[in-house]
Amino acid sequence: MPPRLHAAWTRTLLQLGAVLAAATIVGALVGHAWMALALAALGVIAWHYWKLYDLLRRLTSRSRVPPPQGDGVWQEADRLLHRGQQDMRNRKRRLIAMLRAYRAVAAALPDAVVVVERNSQRVQWVNRAATTLLGLQMPRDVGRPVGEALQPLPLAHWLAQGRRAEPLLDVPSPFSSGTRLELRLIPYSDDLWLLLVRDVTRMVRLEQMRRDFVANVSHELRTPLTVVHGYLDMLDPEEQPEWAPMLQEMQRQSQRMTQLVEDLLTLSRLEAQEGVGDEIVSMASMLASLRRELEMLSQGRHAIEVEDASDTDLVGSTRELHSAFSNLVSNAVRYTPPGGRIAIRYAATREGGVALSVDDSGYGIPAAHLPRITERFYRVSTSRSRESGGTGLGLAIVKHVLHLHQARLEIDSEVGRGSRFACHFAAERVRARDPHVTGAFG
């Protein structure tokens, strides 16, 4: 107990004892000591009940009543109560100021912010940018289901995924024609979600301009490269032996440039696509084709293994998937020294889907390069890639093909021990294999 409160408590007990003693003395003088003591005790009890009533009234009152003067235990209790109320009011003011500051920051953001109640998926609050990008307004749209408020965007299935919802990178604005939006769902508490919406119209346009530029330039380069390649083929090194090394190098570089243009055109075509067909891709035939390519590229320099451990096929585009798998196979041959091992395996996954993996015992990739390995023209070793004839676009093509099939690329590599590239397909892309369609590994 604090010294001041202890002193007040002692003082109150002494005052109580003094009152009862005085009442006893006065009662003894008049011949009614017990009656006087009882009346004094009742008076003390009544006084204390009155002070308790006054304390309860102060607790329930919203008015700011200053604490009474005095040095008794009840006055000390009043002072403690007043100090507690004052601290609570100060904390409340600080919290309100912080809340207003946070709300002002959220309201001033250039990105739209929508607070959504988790269970009902109803709008709780929106900032000013939400009016510009989504057409939502305060307080008109508070309480509306967010899926209904943002029609015609198909958000029901996306919102149902909750924490597992992937960002929607390019969707049209339901309010502003010609505006492209990026949507992210952030569960920041047990009861509330944060819907962040960003205007990506300028980025989408710049990306489209870049795609068109690459596609047009690549297309225009085709004709002069064909002409150059044709004239080089007409030149016979045997007629001019001193020119033989130069002609061979020119032919090699011409072929490499042609392959680069073809890869750029393929990548541009994939980026322009919004989906793929629903044909049944025979994986038995696909694996047989990949084995033949692997044997042709390897020329007996590697130990080759092809395993079909899943009696299933895929739904998608045979052409695109073959392009992706073929890139992985050619990379394995390119970056695995003679005497190494290359294995292709098609098997089911624990998630219910399937995965096609290409393992090699090649040079491996340093961990620092793995996050960027699928970027276009990104090379771990520039000299080694050029010597082997790589264009730096193979893994970018693989990533785009898998994206069109709602699949993902998993890369596991260690320097000196080799690499593993696995294409994971969800269960929705898997179909039971037709027993009448078979493929031979040969």
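## Basis of the model

Because the model is predicted, local features need pLDDT of at least 70 and side-chain atom pairs count only at pLDDT 80 or more, while totals for chains, interfaces and linings use all residues. Residues are numbered from 1 along each chain as its sequence is written, and side-chain values use heavy atoms, with hydrogens and water left out.

## The largest pocket

The largest pocket holds about 2,200 Å³ of space; a pocket here is an open set of points on a 1 Å grid over the protein atoms alone, where a 1.4 Å probe fits, with protein on both sides within 12 Å along at least five of seven lines. Its volume is the space filled by probe spheres set on the points, which are joined across faces, edges and corners. The lining (residues with an atom within 4 Å of a point) comprises 45 residues, and Pro-167, Leu-168, Leu-169, Asp-170 and His-403 lie nearest the centre.

Helix 7 gives the most to this lining, with eight residues, where helices (H or I, at least four residues) and strands (E, at least two) are DSSP runs numbered from the N terminus. By class, the lining has 18 nonpolar, eleven polar and 16 charged residues, with Ala, Val, Leu, Ile, Met, Phe, Trp, Tyr, Cys and Pro counted as nonpolar, Asp, Glu, Lys and Arg as charged, and the others, Gly among them, as polar.

## Nonpolar cores

A nonpolar core is a set of buried Ala, Val, Leu, Ile, Met, Phe, Trp, Tyr and Cys residues joined through side-chain atoms within 4.5 Å, buried meaning under 20% relative accessible area and exposed over 50%, with partly exposed in between (1.4 Å probe, protein chains only). The largest core has 43 residues, and Phe-425 is among those with the most contacts inside it. A second, separate core of 25 residues includes Trp-158 and Leu-185.

Beyond its neighbours within four places in sequence, Phe-425 is in contact (heavy atoms within 4.5 Å) with residues including Leu-314, Phe-325 and Leu-402.

## Helix 12

Nine of the eleven residues of helix 12 are buried, so this helix is largely enclosed by the rest of the structure. Its buried residues pack against helix 8, helix 10, strand 11 (408–414) and strand 12, and the helix is followed by Gln-406, whose phi is positive, near 55°.

## Two loop residues

Ser-310, in the loop between strand 7 (303–308) and strand 8 (312–316), counts as buried at 6% relative accessibility. Asp-190, in the loop between strand 4 and strand 5 (192–199), is exposed, with a relative accessible area of 60%.
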